[in-house]
Amino acid sequence: MRPALLVLLVAVVSFCTAPGCLKRESAVQRGNRDQVLHRGMGADPADLDPHTATNIAEIDVTSALFEGLVAEDPLDLHPVPGVAARWDISSDLLTYTFYLRPDARWSNGRPVIATDFLASWRRVLTPSLAAENAGMLYVVQGAEAFHKGATSDFAQVGATAIDARTLRVVLEHPTPYFLSLLTHPAWLPVPIATIQAHGEAYTRGNGWTRPGRHVGNGAFALKEWRPNDKIVLEKSPTYWDAARVRLSAIHFYPIESVEAEERSFRTGQLHITYGLPFAKVDAYRRNSPALLRTDPFLNTYFFRLNVRQPTLANEKIRRALALAVDRKAIAEKLLHGGQKPATTVTPPGLLGYTPPAGTPSDPTAARALLAEAGFPGGKGLPNIELLHNTSANNRLIAEAVQEMWRRELGIDVTLLNQEYKVVLAERRAGRFQILLGDWVGDYLDPTTFLDLWRSDSGNNHTGWGNAEYDALLFSAARTADAATRAQLLQKAEALMLAAAPIVPIYANTHVFLVQPSVRGWHPTLLDHHPYKHVWLEP
Amino acid sequence: MLPAAAEKIEQGNSLWLDAWLRLRKNHLAVFGLGALIAIGLACLVGPWLSTHGYEEQNLELGAAGPSRAHWLGTDTLGRDLLVRLLTGGRVSLGVGLAATFVALTIGVVFGAVAGFFGGKLDIIMMRTVDIMYSLPFMVFVILLMVFFGRNIILLFVAIGAVEWLTMARIVRSQVMATKRMEFIEAARSLGFGRRRIIFRHILPNILGPIIVYTTLTIPGVMLLEAFLSFLGLGVQPPMSSWGVLIKDGAEKMEEYSWLLIFPGAMFSLTLFSLNFLGDGLRDALDVRSSKD
């Protein structure tokens, strides 16, 4: 054999036995080695601006890009120092003084100072931004008046910068969960100077969130954003606690189809999925329980009924729809992840609050109500459309309820499915009749679910409003005694459910898949997992 | 005296009888024909005979394998798979036949006119076909769906409206070949009009390729409907079609294999039958094949 040939042969053989030739290394294996987390995130984010973030994917990504005054403990989410190194609380529980750490910096190198927070909060509260979550800031004195346009003088709002590193916030009323509230995206600081460099700061969609322009102050910085493909975040060198951050990058994959996401996981493309098809839960539980997680979750699924629509303006029809849903069958037979039938919008698990009796499943009463409304047996009732975002799990629920309404009430419902971004736009514009949706608690208090249905809430979208409901929530917020407060909230919830602008379906659990190499991903009620504390163990 | 037998004049067989006799000898084609008739009848009357409705759910039961009550099992919502399969068959076969009919009508007329008249008209017509060919087909159908909303009638029309192109080309080339033959010359010299020559003299002579191509179009269209439903652009729930059932089944095949096996088998059987029948018809209708 000629020497040249021999050399070639040896080269080929050694190349092919080297790791990576016979069996290609998967993204997960490579990620484990390089500390790159591959994360399925469900729907594609519409924007990466924390102030207008409303869906879980947007909140998830912005939580890695920004850091608020306080951060969350990875185990139980109790408030820990973030940009604020420490804080004082006055004895009347109304005045909070935050002392900002001097080494907190934006990803462009500028320091994060007290006025950054003031400018950011001003932005959230400015009516032209139309931030859905602006209502979260109402606990601050004068914030509500500013947001509703009663005053355009931000000095009236109870937030002041004592100096560059000291921030004082005066509350409207004592709020036991105020520090937890501060971790919500609506409270996060944004780089106003950067935003203004790219256009109008007080309206939506000015484009400052594009890669290359984006500036944040979180543990990670935006590197790449390809819509419907992936979002790449890299560890931020300017983050004050960068030494503690162990992941070098996070790749978020917007895979709206739970089936496709599960396939990606199985082929080693994802460390963590956002969800799992209902039909596959049992198979995973049986075959690879180590990969399956069913975490407790403060999350309720419900239908929003658009009361501005002529048919659904009729309360009797709405209540008939609510009564005709067999929640038990859906939660126990259709879903397989320990979900519970929900008769109220507040899920179980909120300490110190017992939800009211809520909406039972009573087809007979439903039929009687529909007949009372003038449509016995559903005759003469115009066709109703049910909108949901494209997902096999959502379609299953929609189809199940469609059949319940057809069987029990004789109502014809057409199912419409759209991409998540389209659903969001339709929802904001009020262009829907019935909308399948869910709500994840933002903090551990029933008001995170009940504030939604206030007539001035940016997340209401049903068109329903009730002065008595608003008044009950108003006085509950100003009631110090926990038991009395819970009673007021309970009364408000019962009142709302009786009017049925929404139809609760089930209290969810978070069912997802996770590779064994992922560490620091603890079960938390709000499904928050501060990425700064996550790492990969190959 | 002549023998009685000699008095009998040999009867010429018609094209159809000849074709039928030849087809009958092709076992696969006969099997295909039989299977198609059986499937068609089952889809037509089956759902009426069943005690279950295609939209009727039984969440208590959920997905269960074949049993005495549900011969082919049930899906995750507890709906009877047999009824959904037969109801879905109505949609799939209906789309297949209707779209093919649309394609056949447009394609034959268009191709025959272009082929017969030739010249500039032919060039213009066939370049139109070329341009339509170059349109990305799926995008076109999806656009139609988005603009006009989703309804089954539109699905027929949309698919038919793009499936006629190949038919037009085939018919045109056949017409061009046939129009130079002597019997057309004869018809011309007898003073027949163009319409009569096209429809009474040329078309019957090129029926073979047309019928063959038609039987091949039906499965193509059914696959397309399946594909559209697979993408979520086809029929709307709770209606079913074979495409919808196969899509659902494929998502759940590890857990509930019957949800994929039965619809898949039914669909494959139909496609095979159509292809066998098409093959058989091609041989049977070929006038040049020997009359053995």
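Reader: In chain B, what share of the contacts between residues at least 6 apart in sequence join residues at least 24 apart?

Author: In this predicted model, the share for chain B is 69%. The contacts counted are those between residues at least 6 apart in sequence.

Reader: How many helices and how many strands does chain B have?

Author: Chain B has 12 helices and 0 strands. Read from the N terminus, its elements run α-α-α-α-α-α-α-α-α-α-α-α. As a general point, an α-helix has 3.6 residues a turn, so residues three or four places apart point the same way.

Reader: What are the dimensions of chain B, and what part of it is buried?

Author: Along the principal axes, the C-alpha atoms of chain B fill a box of roughly 80 × 60 × 30 Å. Of the 292 residues in chain B, 38% are buried.

Reader: Which confidence values go with chain B and with the complex?

Author: Chain B has a mean pLDDT of 82, and 90% of its residues reach 70 or more. For the complex, the predictor gives an ipTM of 0.73 and a pTM of 0.79.

Reader: How many residues of chain A are in contact with chain B?

Author: On the side of chain A there are 20 residues, in contact with 15 residues of chain B. The elements of chain A that give two or more residues to this side are helix H9 (278–287), helix H11 (327–334), helix H13 (392–409) and strand E14 (413–418). H13(A) gives the most, with 7 residues. By class, the side of chain A that touches chain B has 9 nonpolar, 4 polar and 7 charged residues.

Reader: Which residues of H11(A) are buried, and what covers them?

Author: Arg327(A), Ile330(A), Ala331(A), Lys333(A) and Leu334(A) are buried in H11(A). The cover over these residues includes H9, strand E12 (340–341), H13 and strand E16 (502–513) of chain A.

Reader: Into which domains is chain A divided?

Author: Domain 1 takes in 27–40 + 211–292 + 511–536, domain 2 covers 50–197 and domain 3 covers 297–510. Between the C-alpha centres of domain 2 and domain 3 of chain A lie 31 Å. Their contact takes 12 residues from domain 2 of chain A and 13 residues from domain 3 of chain A. The domain 2 side of this contact has 6 nonpolar, 5 polar and 1 charged residues.

Reader: How should I read a sheet, and what is the strand order in the open sheet of 4 strands in chain A?

Author: In general, strands of a sheet pair through backbone hydrogen bonds, either parallel or antiparallel. Here the 4 strands stand in the order E1-E10-E9-E8 (chain A), and the pairing is mixed. Strand E1 (36–40) and strand E8 (220–226) of chain A are the edge strands, each pairing on one side only. From one strand to the next, the twist averages 20 degrees.

Reader: In what sense do E9 and E10 of chain A pair?

Author: Strand E9 (residues 230–235) and strand E10 (residues 249–253) of chain A pair in the antiparallel sense, over 4 bridges. In this pairing, Glu234(A) stands opposite Ala249(A) in E10(A).

Reader: Which residues form the covered face of strand E5 of chain A, and which the uncovered one?

Author: Strand E5 (residues 95–100) of chain A has Tyr96(A), Phe98(A) and Leu100(A) on its covered face. Thr95(A), Thr97(A) and Tyr99(A) are on the uncovered one.

Reader: What pairs with E5(A)?

Author: Strand E4 (residues 84–89) of chain A pairs with E5(A) in the antiparallel sense over 5 bridges. Trp87(A) stands opposite Phe98(A) in E5(A). The hairpin of E4(A) and E5(A) has 5 residues between the strands, and in it Leu93(A) takes a positive phi near 60 degrees. E5(A) also pairs with strand E7 (residues 166–170) of chain A, again in the antiparallel sense and over 5 bridges. Val169(A) in E7(A) is the bridge partner of Tyr96(A).

Reader: Where is Arg308(A) found, and is it buried or exposed?

Author: Arg308(A) is in the loop between strand E11 (292–305) and helix H10 (315–323) of chain A. Arg308(A) counts as exposed because it has 12 C-beta neighbours inside 10 Å; the cut-off for exposed is 12 or fewer. Leaving aside neighbours within four places in sequence, Arg308(A) is in contact with Gly430(A) and Gly463(A). His461(A) is 153 residues from Arg308(A) along the chain, and their C-alpha atoms are separated by 10.0 Å.

Terms used:
Residues numbered from 1 in each chain as written. Chains lettered and ligands numbered in written order. Predicted model: local features only at pLDDT ≥ 70, side-chain atom pairs only at ≥ 80, totals over all residues. pLDDT = per-residue confidence, 0-100. Pairing = 2+ DSSP bridges. Axes fitted to C-alpha atoms, helices over the stretch in contact; angles between N-to-C directions. Domains from an automatic or database assignment. Contact = placed C-beta atoms within 7 Å. Nonpolar A, V, L, I, M, F, W, Y, C, P; charged D, E, K, R; others polar. Buried ≥ 20, exposed ≤ 12 C-beta atoms within 10 Å, placed from the backbone.
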